[in-house]
Amino acid sequence: MKDARLLAVWCPDWPVVAACTASGTGQHVPVAVVDGNEIVATSAVARAEGVRRAMRKRMAESTCPELVVFEHDPQRDARFFEPVAEAVEELAPGIEVVEPGLVAVPARGPVNYFSSAERAAERIVDHIAARTNVEAQVGLADSLFAATKAAHRNVIVPPDRTAEFLRPLGVHELDAPELVDLLRRLGLKTLGAFADVPENAVASRFGGPATRQHRLARGLAERPLDKRRPAPELAVTETFDDPVERIDAAAFAAKILSERLHENLAARSLACTRLGIHARTENDEELHRVWRAAEPLTPRGIADRVRWQLDGWLTRERLTSGIRTLTLEPVEVVNGTALQLGLWGHDDERAVRALLHVQGLLGPDGVLTPVLDGGRGPKEQVRLVPWGDERTPTHNPDHPWPGRLPRAPATLADDPADLRDADGNEVGVTGRLELTAQPKKLAVRGRTQEVTAWAGPWPVDERWWAPDPHRAARIQVQTNDQAFLLIRRDQRWFLEGVYD
């Protein structure tokens, strides 16, 4: 594992640093960056005043009236991080940008050159401060996840001690909020406790995403190494008639070229996790940067990183001319099954481009695709995700969920319904899960029909440990020409689905 060790360079509170740099705000004032209405980053001064991440903006401003608030801007973060990345690359060639504020580089080169990991870390931190006046921390470990956590603590983890370093850390270090909440409720509060669970048990109970997080907790890479080298013909290149000098032109070029790269990969059932961005200016200046991603990149993910990188290059004072040639190269690929979106039984290129166009007009949530998921209710068994995002189930759909309906309705709904007996009285459900009378009439969607058969009720008793548990009952109702799934909640009937 020694040659696979990674050195991570992390700049604390980078969104705040970038916002302050862009606006000329001093470091002595409390600053927060918000995304929507939620705090996503804070300065040390703001934290000292009680402002925390995930806090609502209004609450943060009431906690600290002097708080200076900036909107989250990933493009701004990337633009101001480029000089930092260049400073690291001057001492450790071959860096990969994980996100603005964090770069990774194979540790072997700088450690050998500076004789020790500690000396390499010290020189890199001093060089960044001298070149950019930015504070940085360095971590080193056997995986990117562990190296990042080590950088947060300014720690050099000895070889083959990564799992030991991670064991006492809390499960909140995993970037998987739903899984973290579940692990805590199961009593698994540390990464070590989670790592001790057998991998096959994690895979069967929680599914693929949790298995990848389990590998991280064990100090391994998120996925096993894939030795395939991407074919050269996968790369895409565009030569511009007029050199690209403006950010808006760069954004358009990034989108078009990113779609071409994604189509090349999708045609071979591949997805990109490390993206190489190459550019040549009109004056033959060579520019190159690699971006690393934990998850396979969607077309939007590729375009975002290309746009951010071009913004960083174009705003540099030492760039003497516009970009003439742009090349995107998949440096590392993985199986792209999660991103292969079957459309009417085949992948239609025209349909794919149309969906990309619609998504560009309406945003990523404007085009959604279904994913079969785990759960008891019919709505829980199908989850909608933005087109192009990974279509991996959150829960294992093959898990034997107690109380799960044997057959989900073809059409989902949430409409008020009225179920009556022969005397016209409403049919209810008792505390012993029995109907108060035999159903005879069903009124739904403005139409009243005679009930010919029914089955149930079946209890729905979920989140019993929470202050607001979910208790309801389901019943299947057959009329002369259709079958319905009804649910009784809050003393009312609702149509939950219609069977074909």
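Author: Let us start with the naming of elements: helices (H or I, at least four residues) and strands (E, at least two) are DSSP runs, numbered from the N terminus. This is a predicted model, in which local features need pLDDT of at least 70 and side-chain atom pairs count only at pLDDT 80 or more, while totals for chains, interfaces and linings use all residues. Residues are numbered from 1 along each chain as its sequence is written, and side-chain values use heavy atoms, with hydrogens and water left out.

Reader: Which element gives the largest share of the lining of the second largest pocket, and what makes a space a pocket?

Author: On a 1 Å grid over the protein atoms alone, a pocket is an open set of points with protein on both sides within 12 Å along at least five of seven lines, whereas a cavity is a set of points where a 1.4 Å probe fits but cannot get out; lining residues have an atom within 4 Å of a point. By that rule the second largest pocket has 19 lining residues, and V17, Q27, N133, V134 and E135 are the ones nearest its centre. The elements giving two or more residues to this lining are α1 (14-23), α2 and α4, with the largest share, 4 residues, coming from α1.

Reader: How is the lining of the second largest pocket divided by class, and how much space lies in the pocket?

Author: Ala, Val, Leu, Ile, Met, Phe, Trp, Tyr, Cys and Pro count as nonpolar, Asp, Glu, Lys and Arg as charged, and the others, Gly among them, as polar. The lining accordingly holds 11 nonpolar, 5 polar and 3 charged residues. The pocket contains about 440 Å³ of space, where grid points are joined across faces, edges and corners and a volume is the space filled by probe spheres set on the points.

Reader: How many cavities are there, and what lines the largest cavity?

Author: There are 2 cavities of 30 Å³ or more in the structure, and the volume of the largest cavity is about 40 Å³. Its lining is made up of A78, F81, E82, A85, V97, W291, W308 and Q309. Both α4 and α14 (299-314) give two or more residues to this lining, and α4 gives the most, with 4 residues. Divided by class, the lining of the largest cavity has 6 nonpolar, 1 polar and 1 charged residue.

Reader: Why is S43 called buried?

Author: Buried means under 20% relative accessible area, exposed over 50%, and partly exposed in between (1.4 Å probe, protein chains only). S43 has a relative accessible area of 6%, and is therefore buried. S43 is placed in the loop between β3 (38-42) and α2 (44-48). Leaving aside residues up to four places away in sequence, S43 touches D13, V16, V29, P30 and V31, where contact means heavy atoms within 4.5 Å.

Reader: Is Q491 buried or exposed, and how do you know?

Author: The relative accessibility of Q491 is 63%, over the 50% limit, so Q491 counts as exposed. Q491 is found in the loop between β19 (483-489) and β20 (492-499), and its phi is near 65°, a positive value in a residue other than glycine.

Reader: What makes a group of residues a nonpolar core?

Author: A nonpolar core is a set of buried Ala, Val, Leu, Ile, Met, Phe, Trp, Tyr and Cys residues joined through side-chain atoms within 4.5 Å. The largest such core has 60 residues, of which V9, I128, L275, V306 and L328 touch the most other members. Helix α4 (residues 74-91) supplies the largest share of this core, 7 residues. A second, separate core has 32 residues, including A151, L166, L174 and L191.

Reader: Why does V236 count as buried, and which residues does V236 touch?

Author: V236 has 2% relative accessibility, under the 20% limit, and so counts as buried. V236 lies in strand β8 (residues 236-244) and, not counting residues up to four places away in sequence, touches L257, R260, L261, N264, L326, T327 and L328.
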